[in-house]
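Have the viewer open as you read.

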Amino acid sequence: MIQNKKYEAIVIGTSIGGLHAISTLLEEIPANYPLPIIIVQHRSKTPRDLLEEILQIKTKVKVKQADEKEEIENGVVYIAPPDYHLLIENNKTFSLTVDELDSFSRPSINVLFESAASVYKEKLIGIILTGANNDGSQGVQAIYKNNGLVIVQDPDEAKCCIMPIAAINTKAVNHILTLPKIQKFLLKITD
Amino acid sequence: MDFIKMNFDTKELKEMLESIRYVYGYDFTDYAEASVKRRVLHFMNSKKIEALTDLGKMIFADEKLFEELVQTMSVTVTEMFRDPIFYKSLRENVMKRLATYPFIKIWIAGCATGEEIYSIAILLKEEGLLNRSVIYATDINQKSLQIAKEGVYAVENMKSHIANYQKSGGIESFSEYYKSKYNSVMFDKSLKQNIVFSPHNLAVDKSFNEFQLIICRNVLIYFNQQLQNKVINLFHESLCPFGFLGLGSKESLLFSDKRKEFEEIDKREKIFIKKISDSK
């Protein structure tokens, strides 16, 4: 299943149950991981950066909240800030907006995935994990259309299967995998 | 919205923004591109316009359509007492110093639909400063400005507004500040008496007064570094010595060459004070 091409970035979207799923994925990621990992986890407006602090405890790779105009670097996990959409510019920096909610969400997975797809094109991996609404299902289509790789967490395993099923129903999906398999995949693609 | 079928390259977009600047005087060329692109796609989708070149032809033939595009490109959403801790900090760190001025001038730059204006007016009222304050509320978006002026909001958002108000340290009964009718609430006239509403375009317009406090939250994030720098310069020029500047929680003076001429008084809430210049 490993495709022989060089990826440049990984985007992940999740809501309910996401903290556990993300920390599982990040557990084994080494500090010098050769790609940036950019995450939208639906979150409440406050506290402002508890999520980053918790995730940092679980992994060796650097975790931080994405800042506007920040240059995207390999080996860093970026989390979308609460109450802002996170977008990626052509020059591989972040932008933030307070535009209206997308799929009842800000940050929204669709917004990140769509802008990432238009920048990274076929060199992007998009992953949808557990979640309770259909945010991300347009985003995966944008990635798929640009020949990026779309992975969805196995709905049977997900704490909440609504988001994975919504993504799968778009048919814009390359692989449906359990967390341990996604984890293995993330480690393997960089070999 | 179906973004998947539509796309265009950035060069095309840049050319259109240049033409808009030339023909209509609206300058979006220094806006952060990703969100401009998203908004233009939004607009094309809502109007069922498939190609950017078509949109280009249409807006130069039809000024009304262009106005609609401007609305779409410049609209922002906000809420009352958004980030309550910011307002708490204003209460604690700024209001007392504002009270030392006989006459207080405040500029809310990018006031959007006005929720922030009424939040500030309420703070001023509770500190006994409203009668000697003037709030200049500006936005590029005329439609938003009209909503701000009317001060009428949907009743279903009031619950979260009230919660925000309380978190900001508000202890009055919030319902005193508005009247409910059908599904709307209207803010009290006494809050509105000293507000001046005016269109202002941060990308091209100049300074128009001197202020003790400028609030511009979640506007700079839409601009590129050069425009951010230009706008911070405009604010610096428009503030009195020791005047205050309040930005959005993810904004900074990082890209401004005036950053050393401000002192941070609340690092987390992004409230700054203008230092007095040592000559120059």
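## Ground rules and the sheet

Two strands count as paired here if DSSP finds at least two bridges between them. Keep in mind as well that this is a predicted model. With that rule in hand, look at β3 and β4 of chain A: 4 bridges join β3(A) to β4(A), residues 76–79, and the two run parallel.

## Chain A as a whole

Stepping back, chain A has 6 helices and 9 strands. Its C-alpha atoms fill a box of roughly 40 × 35 × 30 Å along the principal axes. A compact globule of 191 residues would have a radius of gyration near 16 Å, so the 15 Å of chain A agrees with that.

Of those 191 residues, 53% count as buried. Contacts in chain A also reach along the sequence: among those between residues at least 6 apart, 71% join residues at least 24 apart.

## Where A meets B

The contact between the chains takes 22 residues from chain A and 16 residues from chain B. On the chain A side, β5 (85–88), β6 (94–97), α3 and α4 (137–145) each supply at least two residues. The biggest giver is α4(A), with 4 residues. By type, the chain A side divides into 7 nonpolar, 7 polar and 8 charged residues.

## Two domains in chain B

Between them, 7 residues of domain 1 are in contact with 10 residues of domain 2. The domain 1 side of that contact divides into 2 nonpolar, 3 polar and 2 charged residues.

Most residues other than glycine have a negative phi, and most peptide bonds are trans. Now for the exceptions. A cis peptide bond joins A:Thr46 and A:Pro47, with omega about -5 degrees, and A:Pro47 lies in the loop between β2 and α2 of chain A. Another cis peptide bond joins A:Arg106 and A:Pro107, with omega about 5 degrees; A:Pro107 is in the loop between β6 and α3 of chain A.

As for phi, A:Asp83 has a positive value of about 70 degrees although it is not a glycine. A:Asp83 is in the loop between β4 and β5 of chain A. Is A:Asp83 buried or exposed? A:Asp83 counts as buried because it has 22 C-beta neighbours inside 10 Å, and the cut-off for buried is 20 or more.

B:Lys48 also has a positive phi, about 55 degrees, without being a glycine. B:Lys48 lies in the loop between α2 (33–46) and α3 (52–61) of chain B. With 6 other C-beta atoms within 10 Å, B:Lys48 is exposed.

Methods: Residues numbered from 1 in each chain as written. Chains lettered and ligands numbered in written order. Predicted model: local features only at pLDDT ≥ 70, side-chain atom pairs only at ≥ 80, totals over all residues. Rg over C-alpha atoms; globule rule 2.2 N^0.38 Å. Buried ≥ 20, exposed ≤ 12 C-beta atoms within 10 Å, placed from the backbone. Nonpolar A, V, L, I, M, F, W, Y, C, P; charged D, E, K, R; others polar.
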